Amino acid sequence: MNGSKQLMAERTYQHFAAQTLVLSSVFLGLVPLIWFAISRGGIAAFRLDAGVWDVLVFTLEQAFLSMVLSAIPGLLIARALARQDFPGHAWLLRLFAVPTALPAIVVVLALTSIYGNRHLLGGWIELYGLGGILLAHVFFNLPLAVRLFYEASEQIAPENFRLSAQLSFTDRELFWHVEWPVFRNIVPRVSALIFLLCAASFVIVLTLGGPTATTLEVAIYQSLRLDFDIGRALTLALIQIVLCFGLVALSGRVMLQNVTHAGNQLFQRRYDGRGFGARFFDFTMIALGAFIVLPPLLALFSSGMTQIQISPQVLNAAGFSFGIGMISSCLALLLAWNIAQQSDWFSQGLALSALIVPPAVMATGWFILLRDFSDSVSVVIATIIALNALMALPFVISILAPAFERNRKKYDRLCAQLALSGWQKIRHIDLPLMTRPLVQSFLLAFILSIGDLTAITLLGNQGVVTLPSLIQIQMGHYRGSDAAGTAFLLAILSLICAWAAQKFGDAHDLD
Amino acid sequence: MKKILLTATMLLALGAVAQAKDVLTVYTYESFVGDYGPGAKIKAKFEETCDCEVKWVSLGDGVAVLNRLKLEGKDTKADVVLGLDTNLTAEAHDLGVFGKHGVDVSRAKVPGGWTDTEFLPYDYGHFAFVYNTELIKNPPNSLEELVNGDPKQKIALEDPRSSTPGLGFLLWMKSVYGDKAPEKWKVLKKRILITAPGWNEAYALFTKGEVSMVFSYVTSPAYHMIEEKTDKYQAANFVEGHYLQIEVAGVIEASPHKALAQKFMDFILTPGFQDNIPTINWMMPASATSAPLPSEFDKLVKPAKTLIYSPQEVNAHRRDWINEWFKAVNG
């Protein structure tokens, strides 16, 4: 008992530190802005106009539709991939990691080479309008959902499948008794993530939707940039924060306690999904996923492959992307390690804070604080790293939390008995058992970070050029084909990382 | 891994290296510097004339530069600001941080002449619709023809809320149609396939063949003719005239390097600076270059008339005009 108490106290301290760090970085973003707005315009600075309701309705509408269209098929595809094996299975999963790294404009261009005027599937879908916005959002988020759900299903104890087979469970019974209890835990989290990503979407919404499609993020951007109306930007951000926090709290209520049985670590072998109907359904779902994700990627590869140049600026940008990605992913993992062990809705909300509080608002606030050092490269890099780490946090947590949950169920009592705690527990229990989720979440954070443009656009670069910002720069100088080459490199880099992560994870798995 | 961390640490340390020479800090937009912009060459040329160092601080675009100044106010670290356009100078003036540039304004050769003693032009460009000659055989000869043209022939514009060219076209419509602008927007709307957040996105989709026309600059075809040796993309000449964008620089009054800053302003209108404008920044030079412009520039559209609002007019009406546009295209 004594050991268990000690354990609890220690954890609370670390969690508290991680939570405080995240919370204070959010506050350090908001408070200087509030102060700035009040010092310039008084309280009257916080105001709103009627048009904001239309904006709100559209934001919610497109984000909700994108979420439903990504999360439900994502779950079904993940399940299909988990129980069916076929040649190319591993590569499909790796390719599903690539969209997350791509800047929005690269995706828009890739989509136009498939669905655009005078192209293969031109006219199949109204690319310029809500249809196109949803298509682009699904292209980004469906593979993300598949990967997150797939990771969760890897956490199901192998005995469960064996037992179900011995009990002659039908696929449906197996789904409700074995798979769903695991998915149920992360469905709200993944849905909330996708919803927030789509609510914050900017380039896709404007490019494909035009002025009719104005989201909250566009309105915030306009107030922050063109009008430099910080009061309005803050009010809009506040609406977004309240709205999203409400949603997260709501999804937290839906989330029930994990009831899975934590079994032994054995090679997961599945006995379900063998019937013709099940196989037909699974392969239809996999084909659907491949049909949405692969053609635009293929278009991107084929247009970029011939354009690739290994010039000093490309290498330089790749180096910056790689370095920033590495450090910010480590930071994200470090924070997530502590927050992911908590399942209360406050921690859940905190984990999503970088998506709930518009990064543009947060970065502007940080800038006000750091403006005396704004011309220093190191401060710019540090800020980019911090923002990227915060933005990756929710993704990392969605992968780590189920794994922690499983470990806790299985080993907490044992650890208490052995008085194993702190670093010893991490070394002997958590790290060996969590190699795979750790590597996968690191990969996701890394891919998110190398594809990110938010921080660098907001803070100015001071000579720091990453791969996505190089794409921007090349496009800005009429060098569209060079940009295609750089985008290809970015895609290949993320594909290689996905491959390496899987190899590493497999090699160090205890199975 | 160790190597990466080491590199990162070294990068972090770079910022702390002390500088000995007089450093002139110049705020500008991103595409002016970097590997594709004229910044590095201009820096080298200017540093030949002084025992000093030019330090570019680059921000997203002209609007981002202005916003940085708004955030920093009088504490700004800039000595010179380069990259605002005339749609932003009234707001920039109101910040009260700019001093006189001290250069003889008659040396600035921009359409309509120059009188402002606070901001000095370094280049200019008329906006224009650039079209794909393989898709359009009869380009519109006027804004009116563009507005009433075949709705099946789609165009790409930029959003005036997030893009300077986007704002440029809004002002162009307003300067030609005045109070009738909203109804003309409603007609034009049928032709608009894309209203992109920025010029980059709109132009990329245009060269991809998604639209047959894009809102850009008179000088855009020069890039394709010189760098890509193709006549495929040309600009349409409109009889109502073309809206003008003038890019300017200014000196920060409180700068500790004010003499050096004014020396830089003087340098702006010399060939050492201007030679780098036409074929690197792809804009028109604001004064003589050392050699005549490449012959491709002779083939560019020469606007019969220049349209431009004063900075004060833009500043006073921009918000209302954007709301008006927003209502028209959403109606």
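**Ground rules.** I am reading a predicted model, where local features need pLDDT of at least 70, side-chain atom pairs count only at pLDDT 80 or more, and totals for chains, interfaces and linings use all residues. Residues are numbered from 1 along each chain as its sequence is written, while chains are lettered from A and ligands numbered from 1 in the order in which they are written.

**Chain A.** I looked up the secondary structure and found 21 helices and zero strands in chain A. Helices (H or I, at least four residues) and strands (E, at least two) are DSSP runs, numbered from the N terminus. Next I checked burial: of the 511 residues in chain A, 54% are buried. Buried here takes 20 or more other C-beta atoms within 10 Å of the residue's own; 12 or fewer is exposed, in between is partly exposed, and C-beta atoms are placed from the backbone.

I then looked at contacts (C-beta atoms, placed from the backbone, within 7 Å). Among those in chain A with a separation of 6 or more, 85% join residues 24 or more positions apart.

**Chain B.** I noted two domains in chain B: domain 1 (19–124 + 245–299) and domain 2 (125–243 + 301–330). Their bounds come from an automatic or database domain assignment. Taken over C-alpha atoms, the two domain centres are 26 Å apart. Where they touch, domain 1 of chain B puts in 22 residues and domain 2 of chain B 16. On the domain 1 side, H4(B) has the largest share, three residues.

**Between the chains.** I counted who meets whom: 47 residues of chain A are in contact with 46 residues of chain B. Chain B's side holds 21 nonpolar, 14 polar and 11 charged residues. In this sorting Ala, Val, Leu, Ile, Met, Phe, Trp, Tyr, Cys and Pro are nonpolar, Asp, Glu, Lys and Arg are charged, and the others, Gly among them, are polar.

Leaving out residues up to four places away in sequence, A:Leu196 touches A:Cys244, A:Leu352, A:Leu355 and A:Ile356.

Notes:
Two residues are in contact if their C-beta atoms, placed from the backbone, lie within 7 Å.
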